[in-house]
Every structure is written in C-alpha cells, then in structure tokens.
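Student: I have a structure to go through today. Can we take it piece by piece?
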Amino acid sequence: MTECELNDPVTIDPLALSPEDRAWVEATLDTLSVEGKVGQLFALSSIGDDLAEISRHCALGVGGIHRFPGHDLKAAWEATRAAIQESRIPPLISGDIEGGTVSQAFATAVPNQMGLAACADEDLSRRISAIVLREARRQGFNWTFSPVVDINCNFRNPVVGTRSYGSDMATILREAGIMTEVLQAGGIATCAKHWPGDGIDDRDQHLVTSVNGLSMDEWHASFGEIYRTMFAKGVMSVMSAHIALPAAFPADAGAGRFVPASVSKRLNLELLRGELGFKGLIVSDATPMGGLTGWQERAEAVPAVIENGCDMFLFSPDPGGDYRHMMDGLRRGALSEQRLEDAVRMILTLKARLGLHRMTLDEWVPPLEEGTTRLSTPESEAVAAKANARAITLVKDAQDLLPLDPARHRRVVLLAEEGWNFISGALPRSLDVFCEDMRKAGFDLRMYDAETPPAPEDTDLVVYLIGQEATASLSHIYLDWTALHGGARKAMKRFSREIPTLMISLGQPYYLYDAPDVRTYINGYSALPSVQTALVERLLGKAPFTGVSPVDPFCGEEQLRY
C-alpha cells in the first residue's frame with residue numbers, strides 16, 4: 001500500500017443497519033407492489049402548507065415530501081403532521097436548511113453558509129448547527145439538502161455564492177463536517193451537494209446544463225477529495241446535479257460528454273459509487289430545472305434519472321404525469337426492475353437508519369405548546385446574532401472613511417437594492433433596520449432621487465447597500481447601475497471622487513468587480529436584521545470588524561484593491 005493510499009479518507013457505510021432494521025427494510029420491500037415501489041422513488045415539493053397538495057402526494061405513495069413552509073408555525077406544524085399521518089410508509093421530510101434569508105420566519109435566523117465560514121470559529125459553527133438541529137427536529141424534518149460543498153472559485157457564478165463555504169477546501173471540509181456531524185448525530189440526514197461539483201462554470205444549472213470543466217486530475221484533487229472526505233465523515237446522501245463533467249468521458253464521445261450527472265451512469269454508478277465507494281443514498285437535483293429539461297424530453301428523462309444511478313427523483317411540475325412516465329419507462333425497459341429494486345431498498349434503508357419506522361407521531365413532530373408562534377429562544381437568537389455580527393468583513397478602506405461620524409457624515413444618500421429569493425417561504429427582504437439604526441445614530445438619511453442626484457453641496461456620504469444573496473435563476477452577479485441610478489445615461493455617473501462613498505453588500509461578495517472606484521467596501525453576506533444592526537455598530541466604530549473573507553473579494557484583480 002502506498003503512502004497516498006494510507007492517507008486517503010476511509011469510506012464508511014453511513015446506512016449500516018442492525019439486523020432488526022434490515023429485516024424491516026426487506027419485509028417492507030416485499031409488501032410493496034410495483035406501483036408502490038415506483039411511488040417511493042418520488043420526493044415531491046410541498047409549497048406553503050397546502051393540506052390538499054399533501055394529500056395528493058400521499059395518495060401517490062411518495063417516499064418523501066420536501067417542505068417549503070409558510071410563515072405560520074401552527075399551519076406548518078399541522079401540514080407536516082398530515083404528511084406523516086397520511087403516508088403508508090414513513091416519509092422522508094426534507095428541507096433546504098441553508099440559513100440566511102432562506103431561514104424560516106418562525107425559526108432562529110442563522111447565517112448562510114458563507115457568513116458562517118466568515119466567522120472562522122468552530123465552536124460557534126457547532127452552536128449554530130445545534131440550533132438548526134433542535135428547531136428542524138421540532139418541525140419534523142429528518143433530511144436536509146445541505147451542506148453545499150461546492151468550491152466558490154469562479155466569482156461570476158451566481159448560484160453558488162453565499163450558499164457556499166467559500167473557495168478554501170479546508171474551510172469547506174471543516175464547516176461541512178461540523179454540520180454533518182451535529183445534524184446526523186441528532187437524527188437528521190445531511191446531503192452533500194452538488195455532485196460532481198459546482199462553482200467552475202459561470203452559469204446556473206437551474207437554467208442550463210452547466211459544466212465542471214476540470215481535468216480528472218484537477219477534479220480528484222479538489223471536488224473528488226471533498227467528496228471522499230465527506231464519505232469518511234459518514235454523510236448519508238449526495239445530490240446529483242444537472243452538471244456535466246466532460247473529462248470523465250472519452251474525448252470522442254461528442255455531445256455525450258456533456259450529459260448531466262443526474263442522468264449519467266458513468267458519474268453516478270461508476271465514479272460516485274464505484275471509484276469513490278459511496279454507500280449512501282443518491283437523490284437527483286430538482287427535475288424541473290433547465291439543466292435537465294434542456295437535455296432530454298420528459299418521458300425519457302424521468303426513468304433515466306433512476307436507471308442511471310439516482311435513488312430518488314426530486315420534485316415534479318406534474319406528479320401524476322411523471323409517475324406515469326416512470327411506470328411506462330419500467331414497462332418498456334428504460335428503467336430496469338433491478339434498478340427499481342435497488343433504489344427503493346436504498347430509500348427504505350435511509351428511513352430505517354433514521355429510525356422513522358419506530359417513531360410515534362409525537363416523537364417525530366412534538367406537540368406545540370399553546371400559543372407558540374416561534375421555535376427560537378432568546379438564547380438561540382443571541383448565538384445567531386453573535387455569528388451574524390462576527391461574519392461582517394471589512395474588505396478595504398483605502399480612503400480612511402471609517403468610523404463614520406454624524407458630525408462629518410451627517411447628510412447621507414442611500415442607493416439600495418433589496419434583492420430577491422427564489423425559495424418559497426423565505427424571509428421577507430427589507431433594509432429597514434439599517435435605515436432606522438442610521439437615523440437613530442444621528443445621520444440625516446435620504447433615499448437616492450434620480451432627478452436630484454447627490455452633490456458635494458448637499459451630501460456628505462453616498463452609501464450603496466445591496467442585499468442580493470445567491471439564489472436560483474439569478475443568471476448573473478452584477479451591479480445594475482441602470483436600475484440603481486435610474487436610467488441608462490445616469491448609470492454612467494460615479495460619485496466616489498467628489499463625495500465619500502461606501503459600498504456594502506449584504507449578500508454576494510463580489511460587487512467590487514463592477515465598482516473598482518469604490519474605496520471602502522464591506523461584505524455582510526446576508527440582510528438578516530441582526531446583521532444590519534451589527535453593521536451600523538461597526539460603521540460607527542463601536543465594535544471591530546472580525547469577519548475573515550471565505551473568498552477573494554477582489555476577484556483576482558489588483559485594480560480592486562486600491
């Protein structure tokens with residue numbers, strides 16, 4: 001055995017079962033009809049807390065329901081309990097538990113992954129993961145589609161951004177390892193995504209089949225190493241994305257080199273399971289995404305997802321229609337009986353590993369206390385606020401602007417963009433806390449007016465405040481100067497040489513690329529209220545900036561440093 005082999009992470013079986021649990025899996029599998037097995041392949045989305053939608057999903061016999069709860073805790077609680085009660089076989093209840101403004105309105109608003117990485121504090125990361133575990137378990141979740149283990153190495157990629165732990169592999173593995181360890185020890189399976197690795201292409205697989213263009217040597221040294229290490233940590237599932245890895249295929253394979261991983265036997269069964277030895281569950285990324293729908297017609301794609309190595313089929317624009325596509329694929333041989341059997345056994349094994357078949361309803365989703373409207377506690381909110389504040393990163397202050405002083409910078413003009421989020425049920429977006437806190441501190445804050453732009457005679461400070469976190473279908477990261485300044489010609493105007501100018505991102509960390517003239521720049525990673533409050537404290541010099549940037553905010557451009 002070589003030294004390299006001795007140091008390789010050891011792959012373990014994250015779904016190893018006791019004899020009793022294995023017997024439950026086999027007995028349950030034996031009771032399922034073909035139609036019942038096909039139903040188990042599906043994990044369908046539940047938007048809001050629509051009980052009728054949940055009933056329709058359960059009638060199909062689905063294996064999992066992915067919850068996008070609304071903003072009312074009691075309604076969300078009732079909907080999840082209904083999904084469990086109406087399922088013949090205990091369902092996987094999954095969620096996108098990524099933090100930031102994807103946090104739920106009734107839960108503790110914890111940092112997104114990039115914000116947590118910027119804290120550079122392992123103990124704080126464990127405490128945040130413990131909060132997430134407690135609150136997710138109280139809602140009935142047993143599976144989270146996180147951590148994101150993509151490498152944020154292409155600053156133009158719009159969908160990785162703040163959802164990632166950054167560009168440093170050691171940071172990614174530390175933070176993803178903590179999350180996996182804490183959540184899985186508490187009964188929530190984690191899911192490493194997005195296989196075979198996002199962050200190389202500058203496009204979004206929600207819109208196109210994106211490409212991981214690394215050579216196989218480069219891939220094994222980066223994404224391959226990340227996944228091998230996550231397998232050694234026991235991660236229970238992997239999400240296979242609509243991302244191509246052409247280097248894994250012969251050079252003469254033509255268009256076939258660009259097959260999305262979600263429908264690729266080579267990437268799922270040969271590379272992920274065979275070469276890397278993964279023994280957990282593989283779930284496809286959301287199947288309505290453009291990266292799949294642009295590759296293959298629906299009737300072919302539906303059975304191909306399972307036949308080519310995914311064990312679960314995620315989301316559907318037409319659940320009944322996709323169920324029929326899967327059945328038809330089985331009848332005509334596009335989906336083999338063996339792959340169906342193997343996939344359903346893997347799904348049941350994950351359920352058994354989580355002990356779902358042994359849980360009472362109240363053990364699974366604890367009763368709500370009378371009048372309860374929130375899951376958070378003062379203690380959890382304090383921990384989250386500490387993390388959100390610690391993450392704030394002063395990227396540069398080349399003009400010695402900070403700290404701000406109401407005596408010198410009283411008249412402030414604010415140009416703001418709140419941003420938006422694709423995720424149903426995400427927190428409402430607002431920059432009101434920043435505005436209120438600035439006014440309380442003594443600043444005369446007024447919103448930008450395109451008809452009367454700021455001038456040195458009436459303005460002491462210009463502030464740009466951008467709240468756009470990474471989200472699906474964003475397409476590109478850029479400052480929309482036309483929208484910010486109120487017109488195409490006005491977009492060309494810059495204030496920074498005549499008036500002190502400050503730019504703050506409460507989202508994506510790369511906006512300096514479009515604003516090289518800005519000499520004072522801050523990244524806050526999310527627009528959560530506690531971030532905005534902590535930001536104003538730091539602008540005033542009442543607390544230090546402690547964040548450590550998880551990426552290169554200068555985008556590799558020396559120009560941006562000055």
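Tutor: Let's start with Ser-94, which is found in strand β3. Keep in mind that this is a predicted model.

Student: OK. Is Ser-94 buried or exposed?

Tutor: Ser-94 counts as buried, because its relative accessibility is 1% and the cut-off for buried is under 20%.

Student: And which residues does Ser-94 touch?

Tutor: Leaving out residues up to four places away in sequence, Ser-94 touches Ile-65, His-66, Arg-67, Phe-141, Trp-143 and Phe-145. With His-66 there is also a polar contact between the side chains, at 2.8 Å.

Student: Back to the strand, then. What is the order of the strands in the sheet?

Tutor: The order is β4-β3-β2-β1-β10. That makes an open sheet of five strands, and the pairing is parallel.

Student: Which strands are at the edges?

Tutor: β4 (143-144) and β10 (313-314) are the edge strands, and each of them pairs on one side only.

Student: What packs on the sheet?

Tutor: Helix α5, residues 73-85, does. It touches β2 (64-68) and β3 (92-95), and the direction of α5 makes about 175° with that of β2.

Student: How many bridges join β1 to β10?

Tutor: Two bridges join them, and the strands run parallel. Strand β1 covers residues 42-47. Phe-42 stands opposite Phe-313 in β10.

Student: Now phi. What is the phi of Asp-400?

Tutor: Asp-400 has a positive phi of about 50°, although it is not a glycine. Its place is the loop between β11 (393-397) and β12 (411-417).

Student: Does Tyr-525 have a positive or a negative phi?

Tutor: A positive one, about 75°, and Tyr-525 is not a glycine. Tyr-525 is found in the loop between β16 (520-523) and α19 (529-539).

Student: Buried or exposed, for Asp-400 and for Tyr-525?

Tutor: Asp-400 counts as exposed, because its relative accessibility is 66% and exposed means over 50%. Tyr-525 is buried, with a relative accessible area of 1%.

Methods: Residues are numbered from 1 along each chain as its sequence is written. This is a predicted model: local features need pLDDT of at least 70, side-chain atom pairs count only at pLDDT 80 or more; totals for chains, interfaces and linings use all residues. Side-chain values use heavy atoms; hydrogens and water are left out. Helices (H or I, at least four residues) and strands (E, at least two) are DSSP runs, numbered from the N terminus. Buried means under 20% relative accessible area, exposed over 50%, partly exposed in between (1.4 Å probe, protein chains only). Two strands pair if DSSP finds at least two bridges between them. Contact means heavy atoms within 4.5 Å. Axes are lines fitted to C-alpha atoms, for helices over the stretch in contact, and angles run from 0 to 180 degrees between N-to-C directions. A polar contact is a pair of N or O atoms within 3.5 Å; within protein, one must be able to donate a hydrogen and the other to accept it, and residues adjacent in sequence count only if both atoms are side-chain atoms.
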